[in-house]
Amino acid sequence: MFRLQDLIKSAIGAGFMTAGVLTSAQDVQLQLNASNEVSEVQPTMYGIFFEDINFAADGGLYAEMIKNRSFEFLDPLMGWEQPNSDRHSYNSDSGIAVPVRYEGAPTNRNYCRVTVNNAAGYSMINNGFRGMGVKQGAEYRLSVDAALPERGITGIIVELVDSENKVLAESKITPNSAEWKTYEVMFTANRTEEKAKFSIRFEGTGVIDLDMISLFPTDTWKGRKNGLRKDIVELLDGLNPGFLRFPGGCIVEGRTLEQRYQWKKTVGPVEDREILINRWNTEFSHRLTPDYFQSFGIGFFEYFQLSEDLGAEPLPILSCGMACQFNTGELVPMDELDPYVQDALDLIEFANGAITTTWGKIRNDMGHPEPFDLKYIGVGNEQWGPDYIDRYKVFAKAIKAAYPEMIIVSGSGPFPDGDFFEYGMEELKKLDAEIVDEHYYRSPQWFRENADRYDSYDRNGPKIFAGEYAAQSVAIASPENKNNWECALAEAAFMTGLERNADVVHLTSYAPLMAHVEGWQWTPDLLWFDNLRSYGTPNYYVQKLFGMNSGDKLLKITKGGEAVIGQQEIYASAVKDTRAGEIIIKLVNTASNKSTVSIDISGNKVKRKATLVKLVATDLSAENSLDDPMHVSPVTQEIKTGSDKVEIELEGQSLNVIKLSYR
Ligand code: AHR
């Protein structure tokens, strides 16, 4: 059996580490025919891959600040400290919290019963996701479900405190009901603190039951109550994504079938969404994250809503009845596949169905009567072998029978070549698969050398979804991998190849998308954050420049009739944006030296004033960081051109986007 961890070792053994010896480039002559629109560029060309890995959802995009808010982790009190009490030694002089199971509540199983014996000495502390980011002057909303089985506790004092227990914000709840009741209070923080903690103390003595202790900033994306972290969504929005793939990744498959992602359990009231261990919790022994669970506070409704907010096509990927083949590889027998297929059909109804349908009604009840206009659905993540093909056939037949217009995305496994890949591609071609997802986690050198990957691709075969890729500076998923300029530049070179083949490459996305600087399992990642700040990597800015400049028609830019794929270390692609009246040329110089490029333009005359957006770093190991987030970031300048010629000096190690207005 494969294990993801073994990939790191095998890749190192295979001489994966490449320093990238770069030589010089000089004068380069290119030709561009601006009236020859070779094909459409799909609006989905550059998109986003989202997976709850590296604290991307819980602890990241989902702005909830309390970890284990409803006492549902495997250890129900994980994340909660009781400084003057110890439930393991039954030291309860001050007080004690113990988990209690509800009778007959299959999704929200536990609550917490607190017995307070000495109010002055007892408190419960939650440290959030590696602390809580609190901003001076910002407002926070706390919500608590509480019940008083007996009289005695007269107040719940809730506070945000710093590491020395100095109070940053405080409020008080007066519980007044023997029955479960939700209480809400607001806080305003008096100081900014990256590692704040949440503290609960009590007035009076006695017993109180607590559940769903939830704390959110009010300043979320679009101001939605208990919504998403605004700074992170703004970074995503900045990519101008054409699609949003969710919810992964291996998380779709689960380490076991039981732990697969089941979308139906992620919709409806948040308190009823059944928590699941996050499969990345213990995946890598070098980055164990035992406190990583999925609350599903971001579930399928929220993913669809986010897609809509971003103007991106939603692209859900579903389990096809195979657990992750890097883990157990558990299989659903073919004659027991029906519920899995039904999940796919029901999802389409949830997204697009009338509000009178079973699942359309749930969407409506959640506040979205209009359909989400789902067009794509993915069957399986990165499965391989005949077991996948057998299951794909069943899904494809059922989906097409019910929804002939739905575009099905299939997978070619975890590698961009080799037996699994060859077999998968061959079989999927025979089955007339529409779009096949390919994954490449490879060295920067591989990316530079594979800019021609699709140049001779069968134009009658399936379209391509480059669904997961990222240059790995050391080895696949090595904890030493860096989001450095060498990797980003290699990706840019490769992306000119994706763009040049936009007639067959219809969707592309970097992976993974994001990581908490203290809570990550996998690196590299497109953007990073702590509890207060976030930043885009150089790789992010490469994606952004392509995403913002995707155009709608593909043009041909050549060197003596040949594609520009690294001759003199220059890579090039060109598109037209017919809506903006622009020709957009992307030039990558991977050499350390400057290079003078002249481009003869035929077919259209261009205005002499043009825009150049440059992304450049002289040091290939350059990175961005929380403290220096724009170290490698785009710079825009005006340039002058001829009406049928562009002459430009490219800096060494640079990505250049030239925008020309045509007449
Ligand atoms: O992006 C990280 C992981 O890489 C994804 O979950 C999986 O699809 C791939 O192996």
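1. Contact here means heavy atoms within 4.5 Å. With that in mind, the buried residues of helix H6 in this predicted model are covered by elements that include helix H4 (338-352), strand E19 (376-379), strand E20 (407-411) and helix H7 (419-430).

2. Which residues of H6 are buried? They are Tyr 388, Ile 389, Arg 391, Tyr 392, Phe 395, Ala 396 and Ile 399, and because they cover an arc of only 165 degrees around the axis, they are on the same side of H6. The exposed residues Lys 397 and Ala 401 are carried by the face of H6 that is turned away from this buried side.

3. The length of H6 agrees with expectation, because its 17 residues (386-402), at 1.5 Å a residue, should span 24 Å, and the end C-alpha atoms are 25 Å apart.

4. For the chain as a whole, 10 helices and 35 strands are found, and the C-alpha atoms fill a box of roughly 85 × 60 × 50 Å along the principal axes. Buried residues make up 62% of the 663 residues, and of the contacts between residues at least 6 apart in sequence, 77% join residues at least 24 apart.

5. E5 and strand E6 (residues 110-116) run antiparallel and are joined by seven bridges, with Pro 99 standing opposite Cys 112 in E6.

6. Two cis peptide bonds may be checked by eye. One runs from Gly 248 to Gly 249, with omega near 10 degrees, and Gly 249 lies in the loop between strand E15 (243-246) and strand E16 (276-277). Another joins Ala 511 and Pro 512, with omega about -15 degrees; Pro 512 lies in the loop between strand E23 (505-510) and strand E24 (514-516).

7. Asp 432, with phi of about 60 degrees, lies in the loop between H7 and strand E21 (435-442) and is exposed, its relative accessible area being 66%. Ala 477, with phi near 60 degrees, lies in the loop between strand E22 (463-471) and helix H9 (485-500), but Ala 477 counts as buried because its relative accessibility is 2%, and buried means under 20%.

Notes: Residues are numbered from 1 along each chain as its sequence is written. This is a predicted model: local features need pLDDT of at least 70, side-chain atom pairs count only at pLDDT 80 or more; totals for chains, interfaces and linings use all residues. Side-chain values use heavy atoms; hydrogens and water are left out. Helices (H or I, at least four residues) and strands (E, at least two) are DSSP runs, numbered from the N terminus. The expected span of a helix is 1.5 Å times one less than its number of residues. Buried means under 20% relative accessible area, exposed over 50%, partly exposed in between (1.4 Å probe, protein chains only). The arc is that of the directions from the helix axis to the C-beta atoms. Two strands pair if DSSP finds at least two bridges between them.
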